[in-house]
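Open your viewer and get ready to select chains, helices and domains one after another. We will go step by step, and each stop tells you what to pick and what you will find there.

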Amino acid sequence: MTDFRVPAWGYWIMGVGLAAFIVMLVMYIRRNRGFKRPLFASPYVLWLVVFTVIPCLLVAYFSFTDYQGNFTLDNFKDFWDSNYTARKAMDPEEMKMYEEMGLTLEDLGLERGTININTLVFSLWMAFLCTVICLLLGYPAAHIMANRDFKLGPTLVVLFIVPMWMNFLLRTVAMMTLLEDNGVINSLLEAVGIGRQKLLNNVAAVQVGMVYNFLPFMVFPIYNVLNKMDYKLSEAAMDLGCDKWHTFYKVTLPLSLPGVVSGITMVFMPAVTTFYISRLLGGGKVQLFGDLIEAKFLSTSLREWNVGSALSLIMMILILISLGLLRKVDPEGEGGGMV
Amino acid sequence: MTKILKRVYLGLILLFLYVPIIVLIVQSFNAGKSRAKWEGFSFTWYGQLFNDPSIMNALWITVSIAVLAALFSAVLGTLAAIGIHAMRRRPQAVMLTLNNIPMTMPDIVTGISLMLLFIFTKVERGYVTMLLAHITFDVPYVILSVMPKLQQMNKNTYEAALDLGATPVYALFHVILPEVMPGVITGAMLAFTLSLDDFTISYFTTSPLVQNLSTLIYSQARRGIKPTMNALSALMFLVLLALLLVVNRRTDSEKA
Amino acid sequence: MKKWISLVAVLVLMMNVLPLNGAFAAQEEVNVYNWEDYMNPEVFKIFEQETGIHVNEMFFTTNEEMMISLRVTPGAYDLVFPSDYCVERMISEGLITEINFDSVPNFSNIEPWMINPDYDPENKYSVPFMWGTVGILYDTTKVDDPVDSWGILWNEKYADEIIMLDSIRDTMGVTLKYLGYSMNTRDRLELKAASDKLIEQKPLVKAYYVDETKDEMVAGNGALALMWSGDALYAMEKNENLAYAVPKEGSNVWVDPMVIPATAKNKENAEKLINFLCRPDIAQMNCEYIWYSSPNTAAIELMGEDYTENPTINPTQDIIDRCEFFHDIPDQYLTVYNLFWGRVKDAK
């Protein structure tokens, strides 16, 4: 039985780390002759190390080792070529036999596998599409609600937030009931005379579910920024002879950019990594990168965990890169996100 | 004309957001078990809800974890924010970057990394591990909401208190805390809602013995949500809606 | 400020004590890890009344999920219901422990042909709970062709009306059977052929489900579904237009035994529960609730003609002869299965 245990050096590192932490604390207190305010952060520093830094290092450790704990790059090769490990595990005698039969790697299903890469690209595409749709739907809504003459605005914003407070899995299941063959929408379509359509268990259903889940995350930050914006600016532009569209294009839009950026972040990130929406609305036919990672960690063979870790690491790095790019547009983080 | 168009547009978007919820609520009154057929109006599922041990247990676990995680992360996060705020530039930048990691990491990666930690160190997964995970992803949000309040504070008040003979702990409770309390409360509330709604991280850090609402729903979703679950979510939804509208009304009237 | 702190302290205490109460109560208990909807809920109530032992139920969807959970959460389960072919592996990996058959006198009710099975040759580790077949559940209002071959699952007439199992061994297995191979093949070329066949079928498939299938079929949301016999009977009970057939190419016959994990904390209670589940009246209650075939001779006698005259629950010898048991596939070949199943899932 494969057994997970902290290797001996793991205990050493932990012990030495903890000792170093305490020594540093004591030295700091002595050097500053007393308890200084930065020390209030020390419990959280310890917490961060144990529950954030070490787990991240563990993911990295698993990515670069095989199931026996030896260093290897195979997991990453497996990402690039999903049949890599299978091909490597092939018995050379058996391979020889197949070669003598005149069979190519392709006949054996061992050619370069593109499953991992394809799924990643597909997930990125779905998330991109979802972000664009949310932006196109959400920006006008936020703009309308942020208008000072629109008295209902603040109340309506609350209505946008409320669904976020409801368990999103339940909302996704409710979406399922809507789209089912005998569901509400199909009954309506039949009554109108269009006839039943296949709405569930396809890529479109997954996309609808994603937009449905993440739309409030786009509306809210944009509304926040537009609401705080000095309305006198756009009034001034109007007074100076700008027409409505020009004012929007030259004044409102650039000023609302921070909100847009934080909306994009808050939609794109969960959309890339989701796995439950595709599971519930895709009927097992639509596979996203999150599904792939989850499946690796649910497989009988613990060898798959190392590949799963490598896939997680790749996803983490991708997210960090895209965040870095977005930071460039909104260095102050003015969008403010949820708060 | 444009005014009407604008309202219709908003109405359509809200309809898109609310139709599934309305369907869910309507179904909670359906006498039959089937999702597809309407078999008459009834309160059966509301009655059964309170006798369903798995749902009541999950509800209890969800709420207790959310409260505990909010409390712990409020304490940990406020202390951390005070500490980070007083740091010199270099260590402050390092801490803020580290603090950003849990927020920017995809949920699935956070969940898996914590799962690896618990399995690797042979800690049995369950209630406590789920709580630890929730605190981990909650603290950064508390820090984020406390930091601005600290920046608004006069830097010298704390030093003055110390000069006048206050101990650091006394100064913390009587000088700093009252000033930053609004930020702490916002942060704790944010933490509460985040952990109430979390699925992915809980999914990887708990055992099947300890299920919160999200993981219970996920395991039920495969073979049809029980109608009692619809009843529970309808109740929770109405409570939340009422609460939010009341709060909103009050803040509106305060502003006016 | 003091008020705040005491309030927080009280809340922490309250919150902390209550949920843990459930888990560490002094009450005797047994933790059961089972397939969803695979037990008459009344049965555990009776067990609790008679013995005072509380049953905690947990569920899994696939054998793969169950195996991983057993490894990474040792001590969580006392009684598990795996599929036959998993038992071989669980024994060899030391995941399960020998049952003390002195505490299970009702074992004498088990049908003789089920004792000393291939997966547990000396019958030390397992007691059969239910058995059944894999076949096609179909809607007679939608299907007018005879359902006697797996080939009907590839019939374009039923595009978007076919539900397959999201379970690697079952779906690959019947495809292998359709192509005339063994369900336990380790031959790469045969597996490749099966995978190609499934990719060819994918555009016709409505969904890959496990637990959802029976409800979908009851609701009339499909014409043909790959299904286990008991789930099929459950669905037929709810919707009289449904019927079940085991195709002529043969299929899978399986047994779900009960086993006790090596890390079980309440082994004796688990044995009591096994013995209880083998009691004829209880086995009858379960059989009439979940509709799988019973391995319990005494229970079958109690049920009489209702049981023996029903071809789905009591398949003829001729059907059983056409069927095959699953065997455990070693990791190195399982990789090949995973690889080809991955291609099916990835196909657009």
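How many residues of domain 1 of chain B are in contact with domain 2 of chain B? Five residues of domain 1 of chain B are in contact with five residues of domain 2 of chain B, where two residues are in contact if their C-beta atoms, placed from the backbone, lie within 7 Å.

Before moving on, note that this is a predicted model, in which local features need pLDDT of at least 70 and side-chain atom pairs count only at pLDDT 80 or more, while totals for chains, interfaces and linings use all residues. Residues are numbered from 1 along each chain as its sequence is written, and chains are lettered from A and ligands numbered from 1 in the order in which they are written.

**Stop 1: the two domains of chain B**

Select residues 54–225 of chain B for domain 1 and 226–256 for domain 2; these bounds come from an automatic or database domain assignment. The centres of the two domains of chain B, taken over C-alpha atoms, are separated by 24 Å. On the side of domain 1 that touches domain 2, look for helix H3 (53–86) and helix H10 (213–221) of chain B, the elements that give two or more residues. Helices (H or I, at least four residues) and strands (E, at least two) are DSSP runs, numbered from the N terminus. That side of domain 1 of chain B divides into four nonpolar residues, one polar and no charged. Here Ala, Val, Leu, Ile, Met, Phe, Trp, Tyr, Cys and Pro count as nonpolar, Asp, Glu, Lys and Arg as charged, and the others, Gly among them, as polar.

**Stop 2: chain A on its own**

Now show chain A, which has 15 helices and zero strands. Its radius of gyration is 26 Å, well over the 20 Å that the globule rule gives for 339 residues, so chain A is more spread out than a compact globule. (The radius of gyration is taken over C-alpha atoms, and the globule rule is 2.2 Å times the number of residues to the power 0.38.) Along the principal axes, the C-alpha atoms of chain A fill a box of roughly 80 × 80 × 35 Å.

Next, pick helix H10 (residues 203–228) and helix H12 (residues 244–273) of chain A, whose axes come within 8 Å and cross at roughly 160°. Axes are lines fitted to C-alpha atoms, for helices over the stretch in contact, and angles run from 0 to 180 degrees between N-to-C directions. H10(A) is therefore roughly antiparallel to H12(A). (Angles under 35 degrees count as roughly parallel, over 145 as roughly antiparallel, 65 to 115 as roughly perpendicular and the rest as oblique.) Try showing the side chains in this contact, including Phe214(A) and Phe217(A) of H10(A) and Gly259(A) and Gly263(A) of H12(A). By class, the contact of H10(A) with H12(A) has 14 nonpolar, five polar and no charged residues.

**Stop 3: where chain A meets chain B**

Show chains A and B together. Their contact takes 64 residues from chain A and 67 residues from chain B. On the chain A side, helix H2 (residues 42–63) makes the largest share, twelve residues. The chain A side divides into 53 nonpolar, eight polar and three charged residues.

For a detail, select helix H6 (residues 115–146) of chain A and helix H1 (residues 2–28) of chain B: their axes come within 10 Å and cross at roughly 125°. H6(A) and H1(B) are therefore oblique to each other. Among the residues that make the contact are Leu137(A) and Ile144(A) of H6(A), and Tyr9(B) and Leu10(B) of H1(B).

**Stop 4**

Bring in chain C, with 14 helices and eleven strands. Its radius of gyration is 22 Å, close to the 20 Å that the globule rule gives for 348 residues, so chain C is as compact as a globular protein of that length.

Where does chain C touch chain A? There, 31 residues of chain C are in contact with 23 residues of chain A. Helix H14 (331–346) of chain C is one of the elements giving two or more residues to the chain C side, and H14(C) gives the most, eleven residues. That side of chain C has twelve nonpolar, seven polar and twelve charged residues.
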